[in-house]
Amino acid sequence: MKTRTLTVLFLLLSLSIFLVACGKDDGKMSNQEKAEKFAKELQPKMEERIRAEDYNKFVASIHFNQAEIDPLGGVVVDGYINNNSNYDFTFFLNYNDPNDVSSYGFGDDLSIKMGNFDKDKPAPLSSEKKTSQSPSSDFKTILSKYKLNL
């Protein structure tokens, strides 16, 4: 009887240690969680890019699907416009450049509706700084900073 009690106690103790070790959360995010967080942070920039490419002012609402990790380690985010899955888009994000949302594509139906199917260059974003200074004015600014006259 004593041996049986010790065996049961040992099994219960082993089981509880096993369950605690398996359920331990080390506080680290999984790769999928990191990808989702990264995509969530870039959603405003992706929305800005979509709206910049919308020459016909077609976009009323934007829905983002779950982010996925591509085989090369980047993050792929896809979604659709105006609650219609036929109007789809895809963004390819890179962890190394968190400000870059210039790698993207629109489905054929969406491109036609937005009016950007025949554009060679991406539309400028309103958040991008527009520099109107010429290189010579930059040079003059540097010279004036050091009080040099040429």
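I take helices (H or I, at least four residues) and strands (E, at least two) as DSSP runs, numbered from the N terminus. The expected span of a helix is 1.5 Å times one less than its number of residues.

**Entry 1. Ground rules.** I am working on a predicted model, where local features need pLDDT of at least 70, side-chain atom pairs count only at pLDDT 80 or more, and totals for chains, interfaces and linings use all residues. Residues are numbered from 1 along each chain as its sequence is written, and side-chain values use heavy atoms, with hydrogens and water left out.

**Entry 2. Layout.** I found four helices and five strands in the protein chain. Along the sequence they follow the pattern α-α-β-β-β-β-β-α-α. I then looked up burial, with buried as under 20% relative accessible area, exposed as over 50% and partly exposed in between (1.4 Å probe, protein chains only). Of the 150 residues, 23% count as buried. For contacts I used heavy atoms within 4.5 Å. Among contacts with a separation of 6 or more, 46% come from residues 24 or more positions apart.

**Entry 3. Helix H2.** H2 covers residues 31-53, which is 23 residues. From first C-alpha to last it reaches 31 Å, close to the 33 Å expected. I checked for a bend, taken at a residue as the angle between axes fitted to the seven residues ending there and the seven starting there. H2 bends by about 50 degrees at Gln43. A proline, Pro44, follows within four residues.

Which residues of H2 are buried? I list Ala35, Phe38, Ala39, Leu42, Met46, Glu48, Arg49, Ile50 and Glu53. What covers them includes strands E1 (62-64), E2 (68-69), E3 (75-81), E4 (84-93) and E5 (104-106). Helix H3 (108-114) is also included in that cover.

**Entry 4. Ser111.** I looked next at H3, where Ser111 lies. Ser111 has a relative accessible area of 11%, so I log Ser111 as buried. Not counting residues up to four places away in sequence, Ser111 touches Phe106, Asn116 and Phe117.

**Entry 5. The loop between H2 and E1.** Asp54 lies in this loop. Lys57 lies in this loop too.

For charge, Lys and Arg count as positive and Asp and Glu as negative; His and the chain ends are not counted. Asp54 is buried yet has no salt bridge. The nearest side chain of opposite charge is Arg51, 5.6 Å away. Leaving aside neighbours within four places in sequence, Asp54 is in contact with Val59 and Met114.

Lys57 has a positive phi of about 55 degrees although it is not a glycine. Most residues other than glycine have a negative phi. Lys57 is exposed, with a relative accessible area of 68%.

**Entry 6. Asn83.** I noted another positive phi at Asn83, near 55 degrees, again in a residue other than glycine. Asn83 sits in the loop between E3 and E4. At 65% relative accessibility, Asn83 counts as exposed.

**Entry 7. Aromatic pairs.** Rings of Phe, Tyr and Trp (its six-membered ring) pair if their centres lie within 6.5 Å; planes under 30 degrees apart are stacked, over 60 edge-to-face, the rest tilted. How many aromatic pairs are there by this rule? I count six.

Phe64 and Phe89 form an edge-to-face pair, 5.5 Å centre to centre with 80 degrees between the planes. Phe64 lies in strand E1 and Phe89 in strand E4, so the pair ties together parts 25 residues apart in sequence. Phe64 is buried at 12% relative accessible area, and Phe89 is buried at 1%.

Phe91 and Tyr104 form a tilted pair, 5.6 Å centre to centre with 35 degrees between the planes. This pair links distant parts of the chain, with Phe91 in strand E4 and Tyr104 in strand E5, 13 residues apart. Phe91 is buried at 0% relative accessibility. I also traced a cluster: ring pairs link Phe64, Phe89, Phe91, Tyr104 and Phe106.

**Entry 8. Asp78.** Asp78 is found in strand E3. Is Asp78 buried or partly exposed? I log Asp78 as partly exposed, at 27% relative accessibility. Leaving aside neighbours within four places in sequence, Asp78 is in contact with His63, Phe64, Asn65, Gln66, Phe89 and Thr90.

Technical notes
A salt bridge is a side-chain nitrogen of Lys or Arg within 4 Å of a carboxyl oxygen of Asp or Glu.
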